[in-house]
Amino acid sequence: METFFADVFLPLSLPKAYTYRVPQELNGKLERGQRVLVQFGKQKLYTGIVEKVHTVAPQNYEAKYVYECVDTTPVVLDSQFRLWKWIADYYMCNIGDVYNAAFPSSLRVSSETVVTLNETVDYNAVDLSPKEDMVIEALHARDRMTLNELSKLLNVKNAYPQMRKMIKRGMIVPLEEVKDRYTPLMKSYVEFTEHYIEEGPLQEAFDTLGSAPKQLNALMKLVEMSHWGTPQLQPVGKVALQKAAGATSSQIKSLESKGIIRIFELEEGRLPDYKSTRNNTKLSPVQETALQSVKKGFEQEKPVLLHGVTGSGKTEIYIELIKSVIEEGGQTLYLLPEIALTTQIVSRLEKHFGNQIAVYHSKFNANERAEVWQELLTNPEIKVILGARSAVFLPFHDLRLIIVDEEHESSYKQYDPAPRYNGRDVAVVLSLLHQSKVILGSATPSVESYYNCKTSKYALVELFERHKNAVMPEFSVVNMKEAYRRKEMKGHISESLFEAVEEALKKEEQSILFQNRRGYSPFTQCKTCGWTPECTNCDVKLTYHKYLNLLKCHYCGHSSALPKVCPACGSHEVDLLSFGTEKIEDDAQILFPDAEIKRMDLETTRGKKAVQQIITAFEDKEIDVLVGTQMISKGLDFKDVSVAGIISADQMLNFQDFRADERAFQLMTQVAGRTGRGDKKGKVFIQTFQPDHPIINFVKNNDYKSFYALQVEDRQSFMYPPYCKLIRLTLQHKKKPDVKEAADFLARNLRKKFGRRILGPEFPHIARVRNTYRMNILIKLEHALHLGKNKKIINDILISFSQTKPHNRVRVYADVDPY
């Protein structure tokens, strides 16, 4: 009989598939894309994905057997394999990294180390320490225990050292126990037992419960909710019955013990049920013209960039495109940069497409993500998939259209861990794999996307009129130097901004205050000696958070109390300098005491539904003034916002990065775009010490084309994207001299091949994070060079570097397009 082998991708940072032998009982049953349980290393079992089944044995190692096949049909499709390989190749990472990022963790069965007694040992004859005695006694009672359970038993953080000693002495035996991470959601239901479906027995039950009024009430409520006595008799959710009857769980169980009812469990999906209201929208003539232009762009088989000003109604155009795709029986992937945006977009799409929608993003837990994945594999009725960047990895059967909304957003870029991909760029490649259309939308397109239009790589459609005749906001630039000199500042809010917010409150309109830095005070200093509190693990100043009354590091989470006395000189003059969103919220509450003020930043949106709650409250006008970071700038649509205040434009303009001006322009334009979306004209106040800065003038005049012209001129002069490709190599080590020496060595080797295209090495602005030092080497490759060949040269140099002592202790990773 012929012997078969399977190449299997593992959820480990490995550069290629590992080959396993197929046991005879699985011959002819294994398919590409199925999950298999395989051993890698001495004992550990992992969930691998079969890439290929063949008859060629591996040359350099003896193939282990496939332990088990988990699926009867593939869970990863051919198009997904091709995308994974492209990502691994383009972003210079391992295929195992892509598998880890792409595939839901709860669909990966894994093994867990457990220990059990050694049956050959006579424990009465062995001299045991008190801890060993506790372990043996516990194993006699429970047969096997995990390391976590043993750690709790021994009251230690990690029981592994103790277990290793006992394993070495042969007292206990380690085993690998297979564990399924996916747990279906089970819901308890209540129904009448067969005897009590009849009227006579039920009346007897009522009579016997006279002395138990709570149980009697619960039973009467069950009669009502279950439609007892009708053909529509049905089970009732146990929790719903308890709430309706005001009963406890034990009272319901008492009814079960009397044989009147039966409690049972059913598996229930975690995904919400969306309902359509068949909402038909009519496009304006300008939108209709733009829609036809988009379709013409599709006919050219090019990605289309829809450049529409804020509030121009791009979403309505997307909806019309989705309708056309659904009529043809196809699927649409709708990508958003932020989870915050999904709340509003889902409610708008739900009106049109109801339960044809599926949502996928990182706020979902592992089981919810697994259910979306399985739903897409099995339910052909799902036609619209809405999600953040990770949604590009989902299984699509008939993908016809990809929408990348707010395509300029840096949130589409994954920075850590690998793969360090850009969701927008991967979406364009995904469209090629599926031969589908792709549209990128933005009021402030990225320089790269607009450049692609200018070089005819993309088709450009422009939409410069706001929807429903709404007018563009009116801008006021506040010269902060003059405002402070004239004593016109109220905390960090200028007098003109204060008056505008006050006027909006009188008209029952809403305002947004934007400060792109969280916390209360990002900088604390002793006025006497200049001491500032710094993180013990990172090279950063600690930020003061008033609601916690703590100094916190935003990189590693380290925190400490705010000192009342300077630890360096003993002075009592320790001041809080600069300001973040907490401080602005504080100022606003003092200035507008009768207004409802809320904050929207990382601290206030940690909960699963926190973002949705804040957005819904603002939509329902329960909030008058919303203070926030860039979260509030990203495509949100509020009809009653008439004032937007950019508290400190300079913090964005003075950032050391070749894209600082671009990001400042985008952020300020997007914040301004939240105003005046209804029938009220918006007012935008930009507070700055640089009122004549060209970027502020471009924002004020809504002049994207002049902004773009200045950007490409600078980038061409200094050779930055879109005129070249950037690859950043980052080296990491606990010791600063070691990382410096290794980076110098690697840069010398790279210069032998690439010469002046190598910049660095240099320490980044924050050189140490979590007690690990970092150095960067930047590689600039002009477009005339073959990218694939040069990446191979870089990879070869990195492999040689990893094998050179002592530098092999230094970790190196690549980031392609690191912006």
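Student: How many disulfides does the structure hold?

Tutor: This is a predicted model. A disulfide needs two cysteine sulfur atoms within 2.5 Å. The number of disulfides in the structure is 0.

Student: Which cysteine sulfur is nearest to that of Cys556, and how far away is it?

Tutor: Cys556 is in no disulfide. A pair would have to lie within 2.5 Å to count. The nearest cysteine sulfur belongs to Cys535, at 3.5 Å.

Student: Is Cys69 buried or exposed?

Tutor: The cut-off for buried is a relative accessible area under 20%. Cys69 has a value of 18%, so Cys69 is buried.

Student: What is the volume of the largest cavity?

Tutor: The structure holds 1 cavity of 30 Å³ or more. The volume of the largest cavity is about 60 Å³.

Student: How do the lining residues of that largest cavity divide into nonpolar, polar and charged?

Tutor: The lining includes His408, Glu409, Lys413, Arg424, Arg659 and Tyr819. Glu, Lys and Arg count as charged, whereas Tyr counts as nonpolar. The lining divides into 2 nonpolar, 3 polar and 4 charged.

Student: What geometry do Tyr90 and Tyr91 have as an aromatic pair?

Tutor: The structure holds 28 aromatic pairs. In the pair of Tyr90 and Tyr91, the centres are 4.8 Å apart and the planes are at 80°. Planes over 60 degrees apart make a pair edge-to-face. The geometry of Tyr90 and Tyr91 is therefore edge-to-face.

Student: How many residues apart in sequence are the parts tied together by the pair of Tyr520 and Tyr544?

Tutor: Tyr520 and Tyr544 form an edge-to-face pair, 5.8 Å centre to centre with 85° between the planes. Tyr520 lies in the loop between β22 and β23, and Tyr544 lies in strand β24, so the pair ties together parts that are 24 residues apart.

Student: Are Tyr520 and Tyr544 buried or exposed?

Tutor: The relative accessible area is 12% for Tyr520 and 7% for Tyr544. Buried means under 20%, so Tyr520 and Tyr544 are both buried.

Student: Over the face of which ring does Arg420 lie?

Tutor: A charge sits over a ring if CZ of Arg is within 6 Å of the ring centre and within 35 degrees of the ring normal. Arg420 is at 3.7 Å from the ring centre, and the ring is that of Tyr813.

Definitions and conventions. Residues are numbered from 1 along each chain as its sequence is written. This is a predicted model: local features need pLDDT of at least 70, side-chain atom pairs count only at pLDDT 80 or more; totals for chains, interfaces and linings use all residues. Side-chain values use heavy atoms; hydrogens and water are left out. Buried means under 20% relative accessible area, exposed over 50%, partly exposed in between (1.4 Å probe, protein chains only). On a 1 Å grid over the protein atoms alone, a cavity is a set of points where a 1.4 Å probe fits but cannot get out, and a pocket is an open set with protein on both sides within 12 Å along at least five of seven lines; lining residues have an atom within 4 Å of a point. Grid points are joined across faces, edges and corners, and a volume is the space filled by probe spheres set on the points. Rings of Phe, Tyr and Trp (its six-membered ring) pair if their centres lie within 6.5 Å; planes under 30 degrees apart count as stacked, over 60 as edge-to-face and the rest as tilted. Helices (H or I, at least four residues) and strands (E, at least two) are DSSP runs, numbered from the N terminus.
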